[in-house]
Amino acid sequence: MSNQAIKNIADTPYAYGFSTEIETDQIEKGLNADVVRTISAKKGEPLWLLDFRLKALAHFFKLVKEDRHPSWAKLKFPKINFDDIVYYSAPKQKPKLNSLDEVDPQILATYEKLGIPLYEQKMLANVAVDAVFDSVSVATTFKEKLKEAGVIFCSFSDAVAHHPDLVREYLGSVVPYSDNFYACLNSAVFSDGSFCYVPKGVRCPMELSTYFRINAQNTGQFERTLIVVEDDGYVSYLEGCTAPMRDENQLHAAVVELIAKNNAQIKYATVQNWYPGDKEGKGGIYNFVTKRGICKGNHAKISWTQVETGSAITWKYPSVILKGDHSVGEFYSVAVTNNYQQADTGTKMIHLGCNTKSTIVSKGISAGHSNNSYRGLVKVAKKAKGARNFSQCDSLLFGDQAGAHTFPQIDASNLGARIEHEATTSKISDDQLFYCRSRGLSDEDAVSLIVGGFCKEVFKKLPMEFAVEAQKLLNISLEGAIG
Amino acid sequence: MTSEYLLNIKHLHVSVEGHSILKGLNLSVKKGEVHAIMGPNGSGKSTLAYTVAGKPDYAVENGNLEFLGQSVVDMSAEERAQLGIFLAFQYPVEIPGLNNAYFLRSALNALRKARGEEEIDAVDFLQLVRSHLLKLKMDERFLNRAVNAGFSGGEKKRNEILQMSLLEPRLCILDETDSGLDIDALRISADGINALRSDERSMIVVTHYQRLLNYITPDVVHVMVDGSIVESGGKDLAIKLERDGYDSFIAKAKQGLASVIAS
């Protein structure tokens, strides 16, 4: 694929033009208490939630005043003017199209490469869906199935309206509003997100990923997700989409909180493919995410799996607090950066309980002029007897302009802790490529095979139907990285 | 256009990173023939192997390189592989994480696709590759390991022969397949190569030592010195080389060069 063609795909969002014919329900730019009150009022929120938001706002102002904008990450970007942002706009109506013929051919080509089925392509491109596939009925079937099982799964706003006690009990319990700069901002102005509650002893009857695929919704700029799984419950959740995600908002700051009780298990997978900016590094999303789960009960297990290919800036450390004895935390990550993208991502595993166990597998791929950093913390508290951690951080480099960095931190206060860290850095070599090509494989196939081998351990953790797509997504992200 | 030669090289000049390595090399290989190319270190044997296989940065400055009657100079490595050229590497490359069986199937399917044939599915492939393993007396565990990663020298070479067997090329170029092998591994590898000899398949065996030729009997032996072939003969030539060394040929090449300069 030529550089021009890649550039075309990269440039698509602006060519596609979200700015026309959009119904807007916006408030004025800027961040202040009135804005927060307006957001809360528009959503018809109870007082306690407004209170939560205002406390967060006050703390955020304090952080800004003290200039406590986090600067420790290996990321370079101009200072963000938080008063130059619109903090509330109602879910936007994308222009409805009548058929796929009206969709930008470059976007269709990407869907094609990802192998997304035709009806889903229509959903994603916002084409009116015909009788062959009635999305509403499928979504309804899902909802009924979940309801039957007793699983609550709805938008965050719906949860506030219909299950206020649950939200109130758990909101901010894993990521307090004062946790960090961006989480604090999110707590003040969060737009919407998802809420999931799995009652005691219930195994969620379906992968919640399936639901998302056909409801690729505009989640907004400041997303808030809360998942609570009671004793012996289980849920597998996939956020995001392999299809390219376009958004005109440059700054994204999401917060995700997971709570797993005794014997509960949460699998949380993310595929992030936001607009990464163009080949020269202009534009692109800034993605500052706080994701944290707590294994509250004994034998609880939380697994984070992420495939990060998009965004100009990624700042993200999905973490697990291993509070319950024998609880397990896992982090499997593939982060790809190309052109001028920057990613600073990793995890924190906080061992508090006895015999807790964590596994970290991080695969960073850097191409072009990009920088890709792994940043991790393994902390073992004094009382965490028998804690174990295994970390593996591998970096794969394309060309000689890209950077791969690893910042692992180990902080063990219990002498009996067993912590292993393995790291490798390798370069995709011309010799490897020639070897594959001399067997009849094209350059692109060769890259795909080598990268696929490199990421295998992580892809294995993804829901089956996404593993194949994720591999294809990587190939698209790395097109033009060779030669 | 058809040709009696499978591979036909005329006056080939090749440079690598600005250094002239092959200097007017001629070599013609007929269908079914096995040619051995011997020569001292630095004579350009491996350069010849890489050039025929189409390694990037091996620039053909002059001359012809024809395979099956058509020039392959402007073809990519994969196009040449798809035509039936196979290079068994002197130092097979390790690709960590990539499952060997998956790699082999991908390569086979790339060739099949290029030939307009159906791709082979995982089940049929497993059956096929097992038959090749059996033929080469190789362990099935080869399949589940990463491509060459952590293989011993002998295992790497045998993996090359497995690929050669599976991909069924028309021309096999064996670049110092004997280097780094102990006598047992050498015999096993040679048995594998011999099993692949046929009237339809030609081979170029590049070697520094005569010992591999004790197991693989060549039809023609060439001596290569300073980028060109200075002498060709039967398998007796290899024995003579083993006994007398390359000195007389090096001297002859220098003399030839001197006479060229003088004229």
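Axes here are lines fitted to C-alpha atoms, for helices over the stretch in contact, and angles run from 0 to 180 degrees between N-to-C directions.

**Ground rules.** I am reading a predicted model, where local features need pLDDT of at least 70, side-chain atom pairs count only at pLDDT 80 or more, and totals for chains, interfaces and linings use all residues. Residues are numbered from 1 along each chain as its sequence is written, and chains are lettered from A and ligands numbered from 1 in the order in which they are written.

**Chain A, overview.** I found 13 helices and 17 strands in chain A (DSSP runs numbered from the N terminus: helices are H or I with at least four residues, strands E with at least two). Of its 483 residues, 49% are buried (20 or more other C-beta atoms within 10 Å of a residue's own, with C-beta atoms placed from the backbone; exposed is 12 or fewer, partly exposed in between).

**Where the chains meet.** I looked up the contact next, which takes 16 residues from chain A and 24 residues from chain B (two residues are in contact if their C-beta atoms, placed from the backbone, lie within 7 Å). On the side of chain B that touches chain A, α3(B) gives the most, with 6 residues. By class, that side of chain B has 17 nonpolar, 5 polar and 2 charged residues (Ala, Val, Leu, Ile, Met, Phe, Trp, Tyr, Cys and Pro are nonpolar; Asp, Glu, Lys and Arg are charged; the others, Gly among them, are polar).

**α3(B), up close.** I checked the buried residues of this helix, and they include B:Phe103, B:Leu104, B:Arg105 and B:Leu108. The buried residues of α3(B) pack against α12 (443-459) of chain A, and also against α2, β7, α4, β8 (146-147) and α5 of chain B.

**α4(B) on α5(B).** Helix α4 (residues 122-135) of chain B packs with α5(B) at an angle of about 125°, their axes 10 Å apart. That makes α4(B) oblique to α5(B) (under 35 degrees is roughly parallel, over 145 roughly antiparallel, 65 to 115 roughly perpendicular, and the rest oblique). I noted B:Val129, B:His132, B:Leu133 and B:Lys135 of α4(B) making the contact with B:Leu162, B:Ser165 and B:Leu166 of α5(B). By class, this contact has 4 nonpolar, 2 polar and 1 charged residues.
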